[in-house]
Amino acid sequence: MTASLSKQFTIEDDRTGLEIETLRRAILDNLFYIQGKFPAIATKHDFYMALAYTVRDRLLQRWLNTVQTYLKKDVRTVCYLSAEFLVGPHLGNNLINLGIEKEIRQAVEESGLNLQELIDTEEEPGLGNGGLGRLAACYMDSLSSLEIPAIGYGIRYEFGIFDQEIRNGWQVEITDKWLQYGNPWEIARPEASVTVNFGGHTEPYTDDYGAYRVRWVPAYVVKGIPYDTPILGYRVNTANTLRLWRSEACESFDFQRFNLGDYYGAVDSKVHSENLSKVLYPNDEPIQGKELRLQQQYFFVSCSLQDMIRIHLTENPNLDNFHEQWAAQLNDTHPAVGVAELMRLLVDIHHYDWDKAWEITHNTFGYTNHTLLPEALEKWPLSIFGRLLPRPMEIIYEINQRFLDRVRIKFPGNGSRLSSLSLIDESGEKYVRMANLACVGSHAINGVAALHSELLKETVLRDFYELFPEKFTNVTNGVTPRRWMVQSNPRLTQLITSKIGDNWIKHLHELRQLERFVDDPSFRHQWREVKQGVKQDLANYIQTKVGITVNPASLFDVQVKRIHEYKRQHLNVLHIITLYNRLKHNPDLDIAPRTFIFGGKAAPGYFMAKRIIKLITSVGDVVNNDPDIRDRLKVVFLPDYNVTLGQRVYPAADLSEQISTAGKEASGTGNMKFSLNGALTIGTLDGANVEIREEVGEENFFLFGLTSPEVTQVKSQGYFPRNYYEGHEELKGVIDLISSGFFSHGDCDLFKPIVDNLLYDDPYLLLADYQAYIDCQNKVDEAYKDQDYWSRMSILNVARMGKFSSDRSIQEYCDNIWNTKPVTIKLQSYSQDNAGLKV
């Protein structure tokens, strides 16, 4: 009887089951046993935590199976080294990737709760500044979705990128306390901690075999504690690990000093050590800030490489084949010190000879460059580098000497080339050039868009390309459709899936099938209804957040990104004032109503960027309250732009502003997210705009502005921006209105720095591109008036964006740089027997 009953009934495990009653029971259990609350006294955050732990339980089964499989198999693991991982909130994304959103929604609602409210309760991890960190997060999603063995390595910043408030039109930075209520997605692994040296000196010695060795005697040592977060792939069992390091003193409390009455000194080591992972990107203007940034970079890279070696040696007798089993990708120059650190670990700790150590190191690393701005290529003063990292400094000198000997043989008598290629900049105060170190120490170097990769070879890395042409390749950036369509735009996802099925979510090129429906009037109508619904949602949010009423039928003209002069948010403002002047002169002018939406953070020490934010908000104050405009123009600055806000904004945009000076933007990924959600692009031939235009068709892209070669030519011939101002009446009227104090309550000095910069310097050629931009915006205006035609262009933009999936990018890295293959994870049901437990 008992046996027959067991065949008829299966009791689900509360940790893994997906029946509604099981999920409800699991949520209540987690509320009771983890949060220590019962429903009557639980807060919304308590319910969020209980739900998060319920979802995490279902992740852990996949996560542990993934780790177990990798240890058993001979696989090559990708290690993505990045100072930033802007992952965004986890809950909603994990529900989609697990495929359990429907079941969780029902369980939550039957428990008397609202799923969206719980999702919105999650604090966003502020572990990145912008595109670099968000790209790393998209790549982690794709690595898992493609079942590629991978670990993401970075820093667990206690305080992330600042929260932004706008007070009286100015940016104010507020501490981002993202960890104050705990993080249910991470698991601390103190047993896997490592130590990192700083300062001190080195001592040569001879080992027992008569070999010359060097010992680093540090001034102080910091402990790195790993915190692991599972990153699940879409509808697969693979859950890779994001491992972030927290710094800690080896001895947090000095009893001897405390007993002598030195109460502050007793915890000095703790405070000093924990500063390393305290905050994302400290201000590096003062010397202390520079030192802290270098310490942060070395700290997480050293922790990560030691961790990789430890894992390797659990399954291998030595490190001879380390480079065959590990591919370490340097996400820009922040982790470039890893080249010297891996050499130190191999030569000093594991006693490899130099040539073998270099073979392993060179074949382990790949380097992704993210900038064409020479000033953005990191350099560290030798005085700081040598004092903080004396042994890595010696190793860099040795690498440089051997490297320059090779250069002399290939280019004899070419002193200028030696100076350009050297890892040490000796033109004035001596610096360590981190991009040069990354180029020499990596077997592959890639740019992040076709144009960017070509410009790298022609400009900032030209000498390295001429020396190592075989190292260079391109991998155009991509974005994950799971977060940037499925999660952020469920209405559009549902419409597309109703027509072509849901395979496009994993194979984005299948969006091409939408072209079959572009001439179907009913489909175009459905498309407009979806867009209108999303715009209404954003209009409601704007009203609630900043108190501005906007018309959801107006053209939503959006520019959300980091505030920087080269991104030219102020060119957008010049257009707004141009339209404002036109309407003041002719109140009956026939223009499509527009809502200009801005968002983005300025670096705390970036004077001009912060003043641009003030200009945007000041223009908005005037335009939004002028009765003559009759609500045909609205200007909105949405504070605290982050992943969560991006998920609201991208789906609602009609027009995507990608207007950087040609040759300045490496790639951009916001441009991809906008197009993927049906926005049309107005932009220059810069970064990935070039490839987006090629894919969607030039007739579905609003192009303007100088090209990169034309920018170079204009500057080389002598650029005098004031000539454009003097020779163009409409532009002069715009600049003069700003100068007059019209937007600053009569204060003529407030925006003088911006005006003077434009008239006498204009390094990013706003005035040269102004008329082309205005003419192009006139075309946008005309196109938007024909809604059916606009819808057709919007559909084609989405249909032709298949290339820009981060899945495609990762596949190219796997094929061309990492030489890695997918590993399928088979899910084993949890039980005490297969867990190896005996009770």
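The entries below follow that list.

**Entry 1: the whole chain**

I noted at the start that this is a predicted model. I looked up the secondary structure of the protein chain and found 35 helices and 23 strands. The C-alpha trace spans about 90 × 90 × 60 Å along its principal axes. Next I checked the radius of gyration. The protein chain has 28 Å, which agrees with the value near 28 Å for a compact globule of 839 residues. I also looked up burial: 59% of the 839 residues are buried. Then I turned to contacts between residues at least 6 apart in sequence. Of these, 76% join residues at least 24 apart.

**Entry 2: the nonpolar cores**

Which residues touch the most other members of the largest nonpolar core? I found Phe385, Ile399 and Trp818, in a core of 110 residues. Helix α11 (residues 287–315) gives the largest share of this core, 10 residues.

I went back to phenylalanine 385 and listed its contacts, leaving out residues up to four places away in sequence. Phenylalanine 385 touches Leu294, Val337, Trp380, Pro390, Pro392, Met393, Ile396, Val432 and Met434.

**Entry 3: the largest cavity**

How many cavities of 30 Å³ or more does the structure hold? I found four. The largest cavity has a volume of about 160 Å³. It is lined by 16 residues, and the closest to its centre are Val87, Asn93, Asp141, Ile231 and Arg483. I sorted the lining: seven residues are nonpolar, six polar and three charged. At least two lining residues come from each of α4 (91–98), α7 (131–145) and β9 (220–232). The largest share, five residues, is from α7.

**Entry 4: the second largest pocket**

I looked up the second largest pocket next. Its space comes to about 1,100 Å³. Trp63, Leu64, Val67, Gln68 and Leu71 are the closest to its centre, out of 44 lining residues. The elements giving two or more residues to this lining are α3 (44–72), β2 (150–155), β10 (239–249) and α11. The largest share, 12 residues, comes from α3. By type, the lining of the second largest pocket has 16 nonpolar, 15 polar and 13 charged residues.

**Entry 5: helix α28**

I picked helix α28 (residues 689–696) and asked which of its residues are buried. They are Asn689, Val690, Glu691, Ile692 and Val696. What covers these buried residues includes α19 (450–458), β21 (655–658), α27 (670–676), β22 (680–683) and α34 (787–799). Just after α28, glycine 697 takes a positive phi of about 100°.

**Entry 6: aspartate 762**

I found aspartate 762 in the loop between α32 (752–760) and α33 (766–785). Is aspartate 762 buried or exposed? Its relative accessibility is 1%, and buried means under 20%, so aspartate 762 counts as buried. Leaving out residues up to four places away in sequence, aspartate 762 touches Tyr719, Pro721, Asn757, Leu767 and Ala768.

Technical notes
Residues are numbered from 1 along each chain as its sequence is written. This is a predicted model: local features need pLDDT of at least 70, side-chain atom pairs count only at pLDDT 80 or more; totals for chains, interfaces and linings use all residues. Side-chain values use heavy atoms; hydrogens and water are left out. Buried means under 20% relative accessible area, exposed over 50%, partly exposed in between (1.4 Å probe, protein chains only). Helices (H or I, at least four residues) and strands (E, at least two) are DSSP runs, numbered from the N terminus. Contact means heavy atoms within 4.5 Å. On a 1 Å grid over the protein atoms alone, a cavity is a set of points where a 1.4 Å probe fits but cannot get out, and a pocket is an open set with protein on both sides within 12 Å along at least five of seven lines; lining residues have an atom within 4 Å of a point. Grid points are joined across faces, edges and corners, and a volume is the space filled by probe spheres set on the points. Ala, Val, Leu, Ile, Met, Phe, Trp, Tyr, Cys and Pro count as nonpolar, Asp, Glu, Lys and Arg as charged, and the others, Gly among them, as polar. A nonpolar core is a set of buried Ala, Val, Leu, Ile, Met, Phe, Trp, Tyr and Cys residues joined through side-chain atoms within 4.5 Å. The radius of gyration is taken over C-alpha atoms; the globule rule is 2.2 Å times the number of residues to the power 0.38.
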